[in-house]
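Thanks for coming, everyone. Please look at the screen, and I will walk you through one chain.

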Amino acid sequence: MMRALDLAEAVEAGDLTPATVLELALEAISEREKDILAFTALDMDRARLAARAIPGNDGLFGLPVGFKDIIDTADYPTEHGSPLYKGHKPKADAPIVLMTEAAQGLRLGKTATTEFAFLNPAPTFNPHHAAHSPGGSSAGSAAGVAAGFMPLAFGTQTGGSVIRPASFCGVAAMKPSFRLIPIQGVKPFAPLLDTMGLFGARVADVAFGLAAITGRDLRVDGGDFGQPTFGITRQPFAGEASPEAHAALDHAIAALSKAGIACREVALAPVFAEAHAHHRAINNHEGAVSLTWEYERHREKLSPILRDAIEHGRSVSLAEYDAARSVSNRARKATHPLFEKVDMLLTFSAPGIAPLRDSTGDATFNKLITLLGLPAVNVPGWKDTATGLPVGLQVVGAFGDDQRTLAAAHLLERVLGRHS
């Protein structure tokens with residue numbers, strides 16, 4: 001994988017240039033993209049011209065960045081993973097694209113997504129095992145970073161579409177606090193839930209990228225953030241995790257304990273289970289509204305799984321929707337006393353290893369975190385010995401506490417590295 005922070009430091013020191021970093025990425029793409037299918041749009045000649053024009057003296061130092069194909073770009077098609085938008089070119093770039101370029105990031109290309117960022121699988125393959133899913137909906141971004149095609153890539157999460165594919169592909173990723181990153185210029189599904197996220201090889205790389213692009217103090221490399229107390233939750237209301245997921249979590253707890261870092265089992269208040277159960281009503285009701293034109297005019301071109309979700313969403317009454325929002329608001333307030341007892345939560349990123357390619361996997365351990373708007377980071381660091389497939393751990397912080405969440409995840413990643 002391409003390590004963003006190391007590459008940026010090499011460019012700053014004069015050992016590399018934005019053009020030479022790009023060539024490293026393009027070499028990997030030329031070798032493996034035909035087997036991964038991470039991109040929906042890529043223009044190597046355009047990227048080379050752009051790389052030569054970047055000063056490479058600040059911010060991202062010219063690093064290539066991928067953008068999920070629901071993020072508007074005026075020069076590349078934005079097709080939302082649907083034949084309805086084949087060849088569609090928006091009039092303007094999304095703010096996050098321009099923010100990335102203002103930070104001296106190189107717009108590399110568009111990465112594959114599931115249909116309208118829902119559950120119908122993308123064509124992308126898992127770089128670790130072609131028979132398995134890379135997850136969704138940010139399939140191309142997660143797989144592309146894992147395959148070494150780019151050091152950073154943007155995705156979005158409405159259920160678990162950043163954390164889950166990061167777990168399946170063995171990369172780091174962050175879903176920040178709700179609306180930390182502007183979502184304008186992104187095809188909406190459920191506006192109360194939709195959140196931009198970033199993938200990278202390591203937690204420090206994600207933190208570096210987010211800091212450079214947003215201008216916020218989010219970097220964690222070289223800083224001393226102390227030792228957090230981790231609250232362990234297996235979210236029993238979310239369903240059963242696999243033996244592999246339990247093994248990964250147990251491995252993390254053992255590694256933290258061996259390093260002298262406090263871990264404490266926490267019981268989540270009943271309102272959190274209630275809120276988890278209401279995610280579907282909010283998700284599908286808002287999805288039905290967002291995709292009204294597509295459903296009313298072209299429903300025969302939508303996948304059965306998406307049509308079913310829209311039809312469920314249309315059946316959710318306003319009273320049910322408002323009740324679901326009310327429960328989610330109560331659950332958000334209940335996080336305040338929770339984070340007075342522990343600094344971070346540690347839980348599953350996914351139910352287990354990546355499923356086969358006919359599924360994007362289950363977001364059941366991500367839905368509550370997304371609904372609450374809390375910052376969450378996938379930490380790679382465990383592999384199933386039988387399949388060689390990775391399983392991540394999810395570090396969750398208090399709303400707005402994004403840097404400390406990244407710092408805690410960075411600490412866990414280093415502890416896991418020493419304990420592996």
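This is a predicted model: local features need pLDDT of at least 70, side-chain atom pairs count only at pLDDT 80 or more; totals for chains, interfaces and linings use all residues.

Residues are numbered from 1 along each chain as its sequence is written, and side-chain values use heavy atoms, with hydrogens and water left out.

First, the overall picture. The protein chain has 14 helices and eleven strands. Those come from DSSP runs: helices are H or I with at least four residues, strands are E with at least two, and numbering goes from the N terminus. The C-alpha atoms fill a box of roughly 60 × 55 × 40 Å along the principal axes. What about the radius of gyration? For 420 residues, a compact globule would come near 22 Å, and the protein chain has 20 Å, which agrees. That radius is taken over C-alpha atoms, and the globule rule is 2.2 Å times the number of residues to the power 0.38.

Now burial. Of the 420 residues, 60% are buried. Buried means under 20% relative accessible area, exposed means over 50%, and partly exposed is in between, with a 1.4 Å probe and protein chains only. The chain exposes about 15400 Å², and carbon and sulfur atoms supply 53% of that. The areas come from the Shrake-Rupley method with a 1.4 Å probe; for residues, only the protein chains shown count as cover.

Next, contacts, meaning heavy atoms within 4.5 Å. Take those between residues at least 6 apart in sequence: 78% join residues at least 24 apart.

Helix α9 covers residues 270-290, which is 21 residues. From first C-alpha to last it reaches 31 Å, close to the expected 30 Å. The expected span is 1.5 Å times one less than the number of residues. Where does α9 bend? At His278, by about 35 degrees. The bend is the angle between axes fitted to the seven residues ending there and the seven starting there.

Helix α12, residues 318-341, has 24 residues and reaches 36 Å, close to the 34 Å expected. Its buried residues include Tyr321, Val327, Leu338 and Phe339. What do the buried residues of α12 pack against? They pack against α9, β9 (344-348), α13 (367-372) and β11 (393-396).

Now the loop between β3 and α5. Ser137 is in that loop. The peptide bond from Gly136 to Ser137 is cis, with omega near 5 degrees. Ser138 is in the loop too, between β3 (106-111) and α5 (139-146). Is Ser138 buried or exposed? Buried, with a relative accessible area of 0%. The Ser138 side chain makes a polar contact with the side chain of Lys68, at 3.0 Å. A polar contact is a pair of N or O atoms within 3.5 Å; within protein, one must be able to donate a hydrogen and the other to accept it, and residues adjacent in sequence count only if both atoms are side-chain atoms. Leaving aside neighbours within four places in sequence, Ser138 touches Lys68, Ala112, Gly155, Thr156, Ser161, Val162, Pro165 and Phe199.

Strand β3 itself holds Arg107. Arg107 counts as buried, at 4% relative accessibility. Which side chains does the side chain of Arg107 meet in polar contacts? One is Asp75, at 2.7 Å. Another is Glu101, at 2.9 Å. Beyond four places in sequence, Arg107 also touches residues including Arg46, Val65, Phe67 and Asp93.

Over to helix α7, residues 203-214, where we find Val206. Val206 is buried, at 1% relative accessible area. Its contacts, leaving aside neighbours within four places, include Ala172, Met174, Leu198 and Phe199.

Last, two backbone angles. Phe61 is not a glycine, yet has a positive phi of about 55 degrees. Phe61 sits in the loop between α3 (44-53) and β2 (64-68) and counts as buried, at 8%. Arg179 also has a positive phi, near 70 degrees, and is a residue other than glycine. Arg179 lies in the loop between β5 (172-175) and β6 (195-200). Arg179 is partly exposed, with a relative accessible area of 35%.
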